[in-house]
Amino acid sequence: MTKLTNCLDTASIYVSTYAKYNNSSLYGKWLNLSDYSDFEELRQVMYELHSDESNPEFMFQDYEGCELFEKLGLIGESFLSPEIYNYAEQINDSEYDSEVFEAVLDNFIGINFQTAYEYINNFYHGEYANDIEFVEYLYENDIPFNLPSFVVIDWEATARNIMYDYFESNGHYFKS
C-alpha cells in the first residue's frame, strides 16, 4: 500500500450502507483514505466490509478532513468520486499545500480542480501574516530599484492601494 501524504493524511470517511441505515443499524467503519493506494483498493475494502449485502449502496454517514474534497464536489453522503485520489496526487506532487487550494476554492465557488490548479500556478504569491507584510515582500522582491533610506513609505496606505489588484484568503495571497 502506498501512503499518500498531505491532503489524504487527515481525510477519513465513515462507510455504511443505506440498507443498514433503513434497518436502524449504524454499522460501518471509519476508513482513512491515506491507507489505500487508489480508489479501487478503497472500494474493494468497502465491499468486503459490507459483504453481507449482495449489492451494497454505500452511505458516507460522516467524513473528516475532507473540506477540500467537499468543495470540489468529490464527496457527499451518497457519493465518493473515483477522481479523489488523482486530485490528491496532483496536489501532493505540486509545491503547494492543500490549504492553498482551499483558499482559491473559498473565493471562486464552482470552479473545477484544473482551473484552481492553473490559477495557483499563475497567480499565487505566498502566505503572509497580513497585507502590509505582503506588500513589503512585493517591494523587496518585485520593485527593480532600491529606494534611498530617507524615503519613508506609508505601508498601510500602500497595502490598501495594492490590495485592489490582489486578494487574500486565510493568509494566502493571489493576484486578482
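**Close-up 1. Strands S7 and S8 pair up as a hairpin.** In this predicted model, S7 and S8 run antiparallel and are joined by four bridges. One spot to look for is Ser169, whose bridge partner in S8 is His172. Two residues sit between the two strands of the hairpin. One of the residues in the turn is Asn170, found in the loop between strand S7 (166-169) and strand S8 (172-175). Asn170 isn't a glycine, yet its phi is positive, at about 55 degrees. Is Asn170 buried or exposed? With a relative accessible area of 57%, Asn170 is exposed.

**Close-up 2. Strands S2, S1 and S3 make an open sheet.** The three strands come in the order S2-S1-S3, and their pairing is antiparallel. Which strands stand at the edges? Those are S2 and strand S3 (58-64): each has a single partner strand, so one side of each is left without a neighbour in the sheet. On average, neighbouring strands here are turned by 30 degrees against each other, direction ignored. As a bit of background, strands of a sheet pair through backbone hydrogen bonds, either parallel or antiparallel. Zoom in on strand S1 (residues 12-17) and you'll find that S1 and S2 pair in the antiparallel sense over four bridges. Tyr14 is a handy landmark, standing opposite Trp30 in S2.

**Close-up 3. Ser24 has a positive phi.** Look for this residue in the loop between helix H1 (18-22) and strand S2 (29-32). How accessible is Ser24? Its relative accessibility is 71%, so Ser24 counts as exposed.

**Close-up 4. Tyr119 and Phe123 form an aromatic pair in helix H6.** A search of the whole structure turns up 20 aromatic pairs. In the pair shown here, Tyr119 and Phe123 lie 4.8 Å apart, centre to centre, and the 45 degrees between their planes goes with a tilted arrangement. Both belong to helix H6 (residues 113-123), and because they are four residues apart there, about one helical turn separates them. As for cover, Tyr119 counts as buried at 14% relative accessibility, while Phe123 is partly exposed, with a relative accessible area of 30%.

**Close-up 5. Tyr124 and Phe174 make another tilted aromatic pair.** The ring centres of Tyr124 and Phe174 are 5.0 Å apart, with 50 degrees between the planes. Tyr124 lies in strand S6 (residues 124-127) and Phe174 in strand S8, so the pair ties together parts that are 50 residues apart in sequence. Phe174 counts as buried, at 0% relative accessibility.

**Close-up 6. Leu147, Phe150 and Val151 make a nonpolar surface patch.** What area does this patch have? It comes to about 290 Å². To find your way around, start with Val151, which lies in the loop between helix H7 (131-142) and helix H8 (155-162). Val151 is partly exposed, with a relative accessible area of 37%.

Methods:
Residues are numbered from 1 along each chain as its sequence is written. This is a predicted model: local features need pLDDT of at least 70, side-chain atom pairs count only at pLDDT 80 or more; totals for chains, interfaces and linings use all residues. Side-chain values use heavy atoms; hydrogens and water are left out. Patches are made of residues with over 30% relative accessible area and no salt bridge: like charges are joined within 9 Å, nonpolar side chains (Val, Leu, Ile, Met, Phe, Trp, Tyr) within 5 Å. Accessible areas come from the Shrake-Rupley method with a 1.4 Å probe; for residues, only the protein chains shown count as cover. A salt bridge is a side-chain nitrogen of Lys or Arg within 4 Å of a carboxyl oxygen of Asp or Glu. Buried means under 20% relative accessible area, exposed over 50%, partly exposed in between (1.4 Å probe, protein chains only). Two strands pair if DSSP finds at least two bridges between them. Axes are lines fitted to C-alpha atoms, for helices over the stretch in contact, and angles run from 0 to 180 degrees between N-to-C directions. Rings of Phe, Tyr and Trp (its six-membered ring) pair if their centres lie within 6.5 Å; planes under 30 degrees apart count as stacked, over 60 as edge-to-face and the rest as tilted.
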